[in-house]
Amino acid sequence: MSSPRWRWPSVTVAAALLVVAGSCAALFVTNPTRDDYQDFAGETLVNLATKEVCERQTLPMVLQLWISDCPRLIADQEPALALLADQFTRRWNLGLASVYVTTVGGQNLLPALRLPRYSVTSLGLAGQFWVLNAHSDAGKLE
């Protein structure tokens, strides 16, 4: 009498492989594009710059008196910041997801005014973006 051999039910294995293949295909199709990231980066840089420049009041006193609505001034620059971010972004396309690293700023605008340097590392997955790490010259950002 031969001993019975244990076998994987072929339907279960096929179903599991189909689920895995379908999930990978869905992630591949929904991997955000560079244009999607450009929109996300513009919005993220506006938020970071507003916190850094307006809320922490890092502008010289003369500019603080001259600029009446600092958050709006920065928000109005979102399209320009998005284009700037795109120029200074490296993307690693992993097929199912993408990692983006953007580093902008650090230039002197005036002798007494230097743009902070921002570095943002983001993960694009399933049509969404998550900021993994964000910091400026002053340290880690929230």
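**Figure 1. Lining of the largest cavity.** Helix α2 contributes the largest share of the lining of the largest cavity, namely five residues; helices (H or I, at least four residues) and strands (E, at least two) are DSSP runs numbered from the N terminus. The model is predicted, so local features need pLDDT of at least 70 and side-chain atom pairs count only at pLDDT 80 or more, while totals for chains, interfaces and linings use all residues. Residues are numbered from 1 along each chain as its sequence is written, and side-chain values use heavy atoms, with hydrogens and water left out. The lining consists of Tyr37, Phe40, Ala41, Thr44, Leu45, Ala85, Thr102 and Val120. A cavity is a set of points, on a 1 Å grid over the protein atoms alone, where a 1.4 Å probe fits but cannot get out, and lining residues have an atom within 4 Å of a point. The largest cavity holds about 50 Å³ of space, and the count of cavities of 30 Å³ or more comes to one. Grid points are joined across faces, edges and corners, and the volume is the space filled by probe spheres set on the points. By class, the lining has six nonpolar residues, two polar and no charged (Ala, Val, Leu, Ile, Met, Phe, Trp, Tyr, Cys and Pro count as nonpolar, Asp, Glu, Lys and Arg as charged, and the others, Gly among them, as polar).

**Figure 2. The largest nonpolar core.** This core has 20 residues, of which Tyr37, Leu45, Val53, Cys70, Ile74, Tyr118 and Phe129 touch the most other members. At least two core residues come from each of α2 (34-55), α4 (70-75), α5 (78-87), β2 (97-104), β5 (118-125) and β6 (128-136). Helix α2 gives the most, with nine residues. A nonpolar core is a set of buried Ala, Val, Leu, Ile, Met, Phe, Trp, Tyr and Cys residues joined through side-chain atoms within 4.5 Å; buried means under 20% relative accessible area, exposed over 50%, and partly exposed in between (1.4 Å probe, protein chains only). Leaving aside neighbours within four places in sequence, Leu45 is in contact (heavy atoms within 4.5 Å) with Leu81, Ala85, Val104 and Tyr118.

**Figure 3. Aromatic pairing between α2 and β2.** The structure holds five aromatic pairs. Tyr37 and Tyr100 form a stacked pair, 4.1 Å centre to centre with 5° between the planes. Because Tyr37 lies in helix α2 and Tyr100 in strand β2, the pair ties together parts that are 63 residues apart in sequence. Rings of Phe, Tyr and Trp (its six-membered ring) pair if their centres lie within 6.5 Å; planes under 30 degrees apart count as stacked, over 60 as edge-to-face and the rest as tilted. Tyr37 counts as buried at 2% relative accessibility, and Tyr100 counts as buried at 0%. One aromatic cluster is formed by Tyr37, Phe40, Tyr100 and Phe129.

Figure 4. Ser122 is found in strand β5 and counts as buried, at 0% relative accessibility. Not counting residues up to four places away in sequence, Ser122 touches Tyr37, Phe40, Ser98, Val99, Tyr100, Trp130, Val131 and Leu132. Gln38, found in helix α2, is buried with a relative accessible area of 15%. With residues up to four places away in sequence again not counted, Gln38 touches Ala82, Leu83 and Asp86.

**Figure 5. Backbone at Ala126.** Ala126 lies in the loop between β5 and β6. Although Ala126 is not a glycine, its phi is positive, at about 55°. Most residues other than glycine have a negative phi. Ala126 counts as partly exposed, at 38% relative accessibility.

Conventions:
1 Å grid on protein atoms, 1.4 Å probe; cavity = no way out; pocket = protein on both sides within 12 Å on 5 of 7 lines; lining within 4 Å.
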